[in-house]
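Hi,

Here is the structure I said I would pass on.

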Number of protein chains: 2
Amino acid sequence: MSAHDPIRGMEGRLDGGVVRVGGDARQRYYDSSGYGRPTGEEVALAPVEAAHLLFRGDLDTVDGMGFREFLAIDDRLVVRFLVYRDFRERGFYLSPAREGWVDASDLAGDAADDHDTDDSVGFDLIVYPPGKGPWDDEIAYRIRVVGERESIRASSLGRCVLAVVDEESELTYLDTRRPAIDGSTTYDRPNSVPGNLLADRAILWDPPDGLYEQAFYGQRLAGRGAEGGPLQLSLVETAFLLREDVIDLDVDLTAVVDRGRRVEGERFDRRLAVYTALREAGVVPKTGFKFGADFRTYADVASVDDLGHSERLVRALPADHAFAPRELSLDVRLAGGVHKRMTFALTTLTGEIDWLAVERLTP
Amino acid sequence: MSAHDPIRGMEGRLDGGVVRVGGDARQRYYDSSGYGRPTGEEVALAPVEAAHLLFRGDLDTVDGMGFREFLAIDDRLVVRFLVYRDFRERGFYLSPAREGWVDASDLAGDAADDHDTDDSVGFDLIVYPPGKGPWDDEIAYRIRVVGERESIRASSLGRCVLAVVDEESELTYLDTRRPAIDGSTTYDRPNSVPGNLLADRAILWDPPDGLYEQAFYGQRLAGRGAEGGPLQLSLVETAFLLREDVIDLDVDLTAVVDRGRRVEGERFDRRLAVYTALREAGVVPKTGFKFGADFRTYADVASVDDLGHSERLVRALPADHAFAPRELSLDVRLAGGVHKRMTFALTTLTGEIDWLAVERLTP
């Protein structure tokens, strides 16, 4: 396991959660390679740093333990070690996200977060940009390490890169952001266009052309590409347009919402809230069914005949949702494969929405 | 809405769930275009056929109703109509799956099925091969029409093509089959290779090379591509190899299974049953995490250095699972995008497995 034989034996000792190493450790570990925190001539190493030095053979023992024994001192150490090693092998310097190693200000969670204390806001590792190290003042990635079997509160994401260690110890990096959602689609809406509710859809038998052609509401009954004719609306489009008085059906808004809730429960309300927020931002949401999402979105629709590529896949989730990493991996992988950004709409019961974008990262 | 004006008015009447049309209807609808069931000179049309003829303007009214009124006679009619029309536009002839229209033997569900009577085993439409019709004796597809918001029992699939009508009335066709799962991977397993359990993985510190190189168990601790060295095993690999006496850890099988169940509950048992069935069939399962699945599988591994493309993505589900169409769409779309077959392992508590493959179909 040793990359090279050390010039002379280096030994560390566990002391209050860190590994202290004396001798020329400061020069050897910190100055030349960015490991640890200098304390005079000594260096204090976080366990993950000590594990990596043991693994490389650059440190011989810690309190007599080799790599194998040391890895067992803490259940969380092995997954952190795997991520730490991966960044080191990619040529990055990185530090554990703990006071003394990095500035306290770099450790603060996302200001927008407010969640239970049992869910770490923080990060596990701070990765510096290529060529930089702990002695510089720049950060490339704030890394949160999670095992495949842990669950992750959606509200705790938005600023960190998730490093997911799957059950076979392969790594997947997921960058999380809080994007601004806006578009430029505008349309002068008509009033009280008549139609009927038919099971899970409404049909407008003689709609103004612009409703579909310019604003991309609904779908022609005669199929895609049909010129004019009756327009089918989804239940969520129906509820939105009914509330805006754009259409006038044989039933009222309550009946439409009830029909939505009968099958979907609260999910229908969440989808309607997200649909509304997107439309109000000038973005056109259409069904994301073929991608397994709630919506695919077009930010700038001028005409259906000249429709670009949809930019995002949107999934409406309860604000307190916790992701299984595998579920996140599925959504993000699919979105990446079709060149769209996976975007989660974390939606409260009162319809407030936090947007969360997640995409795969290759450091 | 009318494709052409009829030569003379054709009128139908509702009678016991069918629409009867007299005059030259037999020649006009059945003989020349495969609509309906001839009853003497008259033709009996299923509602979906009558709806399509009304839509095309080839039938004027049914009991005085035009297309628009007729569509409202039954909540299920509109989704069936959309699918019926789509096949007609693609040039296929098709019939409703009901006695009198097609042979009773063609209507029987999958013999392997045994589920509640409230879940239709049957099909809604029978599609004939190109150039064939109801007067021939060949079937291209057995179609089951479902709305996006319906749930679909996994056990009822395997022989039909699902036609999913999404909330915007777009269609997605999913072909379902019961595949045979087999592979040719063989390996003479060693005995009692020692190792330790470390949190969610086991590490074999000095394993025989073939365990990884030939049989593709585990992952090198030193990373992919590393020659030799310690091997990490996932919990499910660990449980399987422990039960087979291939490895010998500091803990027993019960402790490993308990650790799996602690987070995953019964899902761990299902995954272990599926893993075991795949290995026993000569197929190598590895994690499907990056694809959001339980496993990706390789049927014929001779050497890890010469690994082909994995053929399937496998998800372990309870035998009584009911799919949301959107969930099915997500899995199948992702699998198609990476050229693998989405395969569900419907697994009972006692570990019996029915395999179900689902893929997108373009008729």
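In chain B, B:F295 has B:V314 of β19(B) as its bridge partner. Strands here are DSSP runs of E at least two residues long, helices are runs of H or I of at least four, and both are numbered from the N terminus; two strands pair if DSSP finds at least two bridges between them.

Before you read on: this is a predicted model, so to speak of local features I need pLDDT of at least 70, and side-chain atom pairs count only at pLDDT 80 or more, while totals for chains, interfaces and linings use all residues. Residues are numbered from 1 along each chain as its sequence is written, and chains are lettered from A and ligands numbered from 1 in the order in which they are written.

Back to the sheet. It is open, with mixed pairing, and its 10 strands come in the order β6-β7-β8-β10-β11-β22-β21-β19-β18-β17 (chain B). At the edges sit β6 (94-96) and β17 (284-287) of chain B, each pairing on one side only. On average, neighbouring strands are turned by 30 degrees against each other, direction ignored. (Axes are lines fitted to C-alpha atoms, for helices over the stretch in contact; angles run from 0 to 180 degrees between N-to-C directions.)

Helix α4 (residues 77-89) of chain B packs on this sheet, touching β6, β7, β8, β10 and β11 of chain B, at about 140 degrees to β8(B). Contact is when the C-beta atoms of two residues, placed from the backbone, lie within 7 Å.

**The five-strand sheet**

Chain B also has an open sheet of 5 strands, order β3-β4-β2-β1-β5, again with mixed pairing. Its edge strands are β3 (37-39) and β5 (61-62) of chain B. Strands β1 (residues 11-15) and β2 (residues 18-21) of chain B are antiparallel over 4 bridges, and B:R13 is partnered with B:R20 in β2(B).

Which strands does helix α2 of chain B lie across? Helix α2 (residues 47-56) lies across β1, β2, β4 and β5 of chain B, at about 105 degrees to β4(B). Because 9 of its 10 residues are buried, α2(B) is largely enclosed by the rest of the structure. (Buried is 20 or more other C-beta atoms within 10 Å of a residue's own, exposed 12 or fewer, partly exposed in between, with C-beta atoms placed from the backbone.) Among the buried ones are B:H52 and B:F55. Just after α2(B), B:G57 has a positive phi of about 80 degrees.

Cheers
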